Amino acid sequence: MNYSIIIPAYNAETTIVLCLEAVLAQSLPRSQYEVIVVDDGSTDATSKIIRNFPVLYIHQENQGPAAARNKGAQIATGNIILFTDADCVPDHYWLEEMVSPFSGPEKISGVKGAYKTAQHALTARFAQAEFEDRFTLLEKASFIDMVDTYSAAFKRDVFCSIGGFDPSFPVANNEDTELSYRLVASGHLLVFNPRAFVYHTHPDTLKKYLRVKFWRGYWRVIVYARYPEKAIKDSYTPGVIKIQTLIMLLLYSLLPVCFFSRLVLMVLTPMLLTVLLLTTIPFSRSAFKKDKCVGCFSPVYCLLRAGVFAAGSMGACVSVVINKISHRFESSTWLNRD
């Protein structure tokens, strides 16, 4: 077996059928790849549905997607392991395109694919425009530092030798970022192949979208605490998004001062908001060329995104500080006992 496709599933009864139908109908012969589905303690009909397909079914108690993927990697027989999610529908040529970079002259350890969507909701179309903006950035880089699990491929020996995904991440959020940074820090090369894509359902309401961005901000800072240099620059995040987040963090820090300073309230705060709005223009202009409605509403979405992303980041900073203080206190208490 050359390749192993691993899919973690948790209460995925509404999406798993399309996902499995797609991965079982890839352009490469079935004799070249196996499909492993790790049921992470589902309580719906997920397990019953999966058993109707010719795949290797593994069940585990609920431990989170990182642990589920690691479980799949442990029993995989392919030299290259691939990951996608239970709510994704890989393109017919996805597997073929995902593994093609491994046969190139460079010693590639990981490959990242792309997202597409067929949704019509405005929020989902904006989310897709965000991804396409990042894909444009990635295409300019010879090597990248981010491989998302919705469309990921790794050499199995490399993945296992570095320890796989960190199971301390309890949800599907930035555990792939942490693994990617760890691989790059160890000298491994990662690349992006936009021709390898999966279809995905993005958040289709503003409330869902903002909730996702809040937790993206939270868990991204948890990762940045381990790799602080990535907070300054990485291959995946447009620099303007980091600038917008910093401006919003500054605005949040000024809120208490507004009650005591008219200068801050009447001058500095409006100036920062104006700068923040101006930073949305390049993306809005680009989005407008592809989707006029998305382009028109992009400034609003960008401002709200910056607000919740910054709020999530602040929450993570507080969590990191509390954990460090707690760890030092426990260490000090232990030493004093000795």
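**Group meeting: helix H7 and its surroundings**

I start with a pair of helices: H7, residues 175–185, packs with H8, residues 206–226, at an angle of about 20 degrees, and their axes are 9 Å apart. The model is a predicted one, in which local features need pLDDT of at least 70, side-chain atom pairs count only at pLDDT 80 or more, and totals for chains, interfaces and linings use all residues. Residues are numbered from 1 along each chain as its sequence is written, and side-chain values use heavy atoms, with hydrogens and water left out.

A few terms before going on. Helices (H or I, at least four residues) and strands (E, at least two) are DSSP runs, numbered from the N terminus. Axes are lines fitted to C-alpha atoms, for helices over the stretch in contact, and angles run from 0 to 180 degrees between N-to-C directions.

Back to the pair. H7 and H8 are therefore roughly parallel to each other; angles under 35 degrees count as roughly parallel, over 145 as roughly antiparallel, 65 to 115 as roughly perpendicular and the rest as oblique. Their crossing is right-handed, that is, the near helix is turned clockwise from the far one by less than a right angle.

Which residues in H7 and H8 meet? On the H7 side they are Thr177, Glu178 and Tyr181, and on the H8 side Arg220, Val223, Tyr224 and Arg226. By class, this contact of H7 with H8 has 3 nonpolar, 1 polar and 3 charged residues. The classes put Ala, Val, Leu, Ile, Met, Phe, Trp, Tyr, Cys and Pro as nonpolar, Asp, Glu, Lys and Arg as charged, and the others, Gly among them, as polar. Contact means heavy atoms within 4.5 Å.

Now H7 by itself. The helix is mostly covered, with 9 of its 11 residues buried. Buried means under 20% relative accessible area, exposed over 50%, and partly exposed in between, with a 1.4 Å probe and protein chains only. Among the buried residues of H7 are the charged Glu175, Asp176, Glu178 and Arg182. What do the buried residues of H7 pack against? The partners are helix H3 (65–75), strand E7 (152–155), helix H6 (156–161), strand E8 (189–200) and H8. After H7 comes Gly187, whose phi is positive, near 95 degrees.

Ile162 belongs to this region too, in the loop between H6 and H7. With 17% relative accessibility, Ile162 counts as buried. Not counting residues up to four places away in sequence, Ile162 touches Leu179, Arg182, Leu183 and Ser186. Its C-alpha atom and that of Ser186 are separated by 8.6 Å, at 24 residues apart along the chain.

Next, the contact of H8 with H5. The axes of H5, residues 122–139, and H8 come within 9 Å and cross at roughly 35 degrees. Here Thr123, Phe126, Ala127 and Glu130 in H5 meet Leu206, Tyr209 and Lys213 in H8. By class, that contact has 4 nonpolar, 1 polar and 2 charged residues.

Thr117 is in the loop between strand E6 (108–116) and H5, and is buried at 19% relative accessible area. Leaving aside neighbours within four places in sequence, Thr117 is in contact with Gln128, Tyr199, His200 and His202. The C-alpha atoms of Thr117 and Tyr199 are separated by 5.1 Å, although the two are 82 residues apart along the chain.

Thr237 is in the loop between H8 and H9, and is buried as well, at 8%. It touches Arg134, Leu137, Arg220, Tyr224 and Lys242, residues up to four places away in sequence not being counted. Arg220 and Tyr224 also take part in the contact of H8 with H7.

Thr245 is in helix H9, residues 239–258, and counts as buried at 9% relative accessibility. Its contacts, leaving aside neighbours within four places in sequence, are Phe309, Ala310 and Ser313.

Then the cysteines. How many disulfides does the count come to? The count is 0, where a disulfide is a pair of cysteine sulfur atoms within 2.5 Å. The sulfur of Cys19 is 6.9 Å from the closest cysteine sulfur, in Cys88, which is too far for a bond. Is Cys19 buried or exposed? Cys19 counts as buried, at 0% relative accessibility, whereas Cys317 is partly exposed at 40%.

Last, a backbone point. Most residues other than glycine have a negative phi. Asn11 has a positive phi, near 50 degrees. Asn11 lies in the loop between strand E1 (3–9) and helix H1 (16–23), and counts as partly exposed at 31% relative accessibility.
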